[in-house]
Amino acid sequence: MRFRITAGLMIRGGIMSGWPRSALRTFFAAVAFMALVVVALGGPANANGVNAALKIRWFAGVVALTSSVILLVFGRLPKSYPNNGESLGEPTPTSPTIGQVVESMRQISHRYKSDVLYLFQQVLHDPSQYLTRATEIAHINDGSLKQDVTLNYAIHDATAEMISEAGEKTILLPLMRLKKGTMLDNLELWDTNDRPLAALLQSETYGILAYVIDKLFRQAYFGDTQEAQTRALSDFEAKLFWTLVDLVCHVGRVSSEVKEAIFGLLSPNLVGSAASPTGAPSTVDKVAVKRLIEFCDFFSSYYLIIVEAPLPVGSRLILRYSRTIPIYEQTATFTDRLRVRLGLSPFGFTYPLTLPFDAHSYHFRMPAGSARFLVDQRLIDSQNGRSVNQATYAGENPRPYLRLRHHSGLPYAHFYTRGLNQVPRHDLWTRIEFDEVPPGVLGGAAVISTTCAILIWFFTLIQPGLRGVNTNTDMPALLLALPAFAATFVGHSAERVLRSSIASYAGLAIAGVTSACSALVYIANANHKSLYTINHFTLFNGLVRLSNIDISWVILALIASLSSAYLVEVLRDKVRWYMRMLERWRKLA
């Protein structure tokens with residue numbers, strides 16, 4: 001009993017989770033494979049009848065079944081897998097202190113003039129007034145997406161003129177709004193002349209955000225006069241102001257309960273509070289209070305990437321940036337999960353869209369890659385999972401314009417919108433699905449599978465091994481080399497196969513397996529071994545007569561036939577569907 005308990009603890013405790021576990025799984029896999037070989041080829045060719053076949057192979061069958069069960073038990077991953085004991089672990093948020101924010105505000109006020117900061121505040125509050133067009137392209141890489149973004153600004157207001165007249169050569173622009181906790185990978189920034197840009201430090205961003213909160217706070221409760229912008233805050237007003245700063249500059253996300261309690265101190269009427277607390281400032285500008293609440297609420301969940309850009313000579317300014325982002329929802333559907341398990345390149349992509357709510361005009365494109373075409377593209381509201389269409393914004397005035405490619409057959413996805421910046425911001429995603437251009441690898445797989453089926457049926461009917469027919473001794477090599485030769489003939493490569501459909505991949509795999517099994521059965525028959533031999537069989541009143549046929553050939557022939565028939569049907573449907581999509585572009589627009 002003590003030995004059983006110790007062995008169980010060793011298996012669960014981690015001794016069996018390393019290389020001994022892999023070694024045992026390899027051992028039992030080899031045992032199961034050899035037992036299956038004995039089950040298939042362990043009996044002589046003249047052992048007719050089910051009972052004789054079972055008597056010869058029953059022990060090997062029990063061994064194969066037992067080894068398979070043990071493999072299933074060892075194959076279960078422990079709850080602690082993967083072992084992250086030596087990793088960094090979750091990052092610990094470190095929010096700035098009041099003293100650090102005050103020092104950052106002091107440095108910002110000395111480095112940038114008030115007109116530069118005021119222009120930044122205006123762009124941050126209403127980016128669509130300055131951001132005229134945003135173009136976003138997502139390139140498909142191995143295991144990730146490369147995001148290339150081009151932003152077109154029009155800096156032509158009175159503030160920009162004052163900055164130019166004051167001799168300033170740089171301005172501040174909010175480039176990216178990201179959810180807190182998002183990690184930027186391979187971020188690169190360029191200006192109009194393709195010169196690298198540098199983003200501001202996080203501490204500098206805290207100072208600028210505190211500056212914006214200070215301006216909104218004073219405008220909401222003291223007015224927009226010069227005296228209001230410089231007067232000292234009372235103790236309660238100072239505590240309330242720094243509470244807002246801490247809310248925005250907090251590294252982690254803040255719960256909705258905490259935000260409601262803070263916003264209740266700002267404007268009881270707006271958030272439904274019963275009465276103002278003692279010492280609370282009286283509202284002067286309700287619109288400014290609402291803007292202050294919206295600003296703090298948004299940046300309690302998001303953080304900013306700010307760049308220092310050169311002031312354009314004219315009014316137009318172009319900024320570009322690129323970064324690497326993960327491929328989201330790689331296992332969203334059963335087909336996606338199956339492609340991941342088979343090691344195939346993804347066909348479906350889910351991409352978050354944030355820039356449509358900042359720019360008046362927005363374009364998103366995703367090239368499909370070599371030998372692929374667009375099957376479907378749709379918009380999704382990630383908060384509720386519902387599809388977004390024209391009817392979603394039917395009640396908005398003015399109504400946004402939305403257009404995307406749908407069942408187009410083109411080698412790229414394209415989404416265009418204008419006026420979406422005038423509707424409330426929400427988490428908008430686009431789901432894109434590609435497929436290989438037919439016939440592609442699927443057509444080659446159908447040819448290979450059909451060829452293998454014909455050859456296997458030929459060997460099934462003539463039975464060269466069992467009947468002693470004088471055949472070429474290189475037949476097994478021919479059966480093994482046929483799929484590889486056919487794949488080379490139709491122009492397949494490993495890269496093309498990985499970018500093919502699941503049907504193509506499965507068809508090629510079945511053709512390879514049936515060819516290998518056919519070669520093994522041929523060698524076994526030549527040595528007078530068979531799984532089960534049919535003495536005599538007639539069909540259709542003697543029209544079809546079979547005698548001394550190994551059942552293994554019949555099984556392999558049926559598998560190859562079903563596989564080739566399925567691939568041909570799938571290929572026909574895809575070709576017809578693809579041609580129907582191309583019919584939409586028969587006439588010039």
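Partly exposed here means a relative accessible area between the buried limit of under 20% and the exposed limit of over 50%. His125, at 44%, is therefore partly exposed. Keep in mind that this is a predicted model.

**Nonpolar cores**

- The largest nonpolar core has 94 residues, and the members touching the most others are Tyr153 and Met366.
- Helix α7, covering residues 202–221, puts in the largest share of this core with 11 residues.
- Met366 is worth a click: beyond its neighbours within four places in sequence, its contacts are Ala138, Ile140, Leu145, Phe349, Tyr351, Tyr412, Ala413, Ile432 and Phe434.
- There's also a second, separate core of 13 residues, with Val441, Val497, Ala503 and Leu571 among them.
- As background, nonpolar side chains tend to be buried together in soluble globular proteins.

**The α14/α18 pair**

- Helix α14 (residues 440–462) packs with helix α18 (residues 551–582) at about 155°, and the two axes are 8 Å apart.
- Angles over 145 degrees count as roughly antiparallel, so that's the label for α14 and α18.
- The crossing of α14 past α18 is left-handed.
- Sort the residues of the α14 contact with α18 by type and you get 17 nonpolar, 7 polar and 1 charged.

**Cis peptide bonds**

- Asn397 and Pro398 are linked by a cis peptide bond, with omega near 0°.
- Pro398 sits in the loop that runs between β10 (386–388) and β11 (401–404).
- Another cis bond joins Pro438 to Pro439, again with omega at about 0°.
- Look for Pro439 in the loop between β13 (428–436) and α14.

- Asn186 isn't a glycine, yet its phi is positive, near 55°.
- You'll find Asn186 in strand β4, which spans residues 185–190.
- With a relative accessible area of 56%, Asn186 is over the 50% mark and so counts as exposed.
- Asp194 is another non-glycine residue with a positive phi, this time about 60°.
- Asp194 belongs to the loop between β4 and α7.
- Its relative accessibility is 48%, so Asp194 goes down as partly exposed.

- Arg291 is 166 residues away from His125 in sequence, but their C-alpha atoms are 8.5 Å apart in space.
- Pro310 lies in strand β5, residues 302–310.
- Lys169 and Pro310 are 141 residues apart along the chain, while 5.9 Å separates their C-alpha atoms.
- Leaving out residues up to four places away in sequence, Pro310 touches Lys169, Thr170, Asp191, Arg195, Leu197 and Leu317.

Methods
Residues are numbered from 1 along each chain as its sequence is written. This is a predicted model: local features need pLDDT of at least 70, side-chain atom pairs count only at pLDDT 80 or more; totals for chains, interfaces and linings use all residues. Side-chain values use heavy atoms; hydrogens and water are left out. A nonpolar core is a set of buried Ala, Val, Leu, Ile, Met, Phe, Trp, Tyr and Cys residues joined through side-chain atoms within 4.5 Å. Buried means under 20% relative accessible area, exposed over 50%, partly exposed in between (1.4 Å probe, protein chains only). Helices (H or I, at least four residues) and strands (E, at least two) are DSSP runs, numbered from the N terminus. Contact means heavy atoms within 4.5 Å. Axes are lines fitted to C-alpha atoms, for helices over the stretch in contact, and angles run from 0 to 180 degrees between N-to-C directions. Angles under 35 degrees count as roughly parallel, over 145 as roughly antiparallel, 65 to 115 as roughly perpendicular and the rest as oblique. A crossing is left-handed if the near helix is turned anticlockwise from the far one by less than a right angle, and right-handed if clockwise. Ala, Val, Leu, Ile, Met, Phe, Trp, Tyr, Cys and Pro count as nonpolar, Asp, Glu, Lys and Arg as charged, and the others, Gly among them, as polar.
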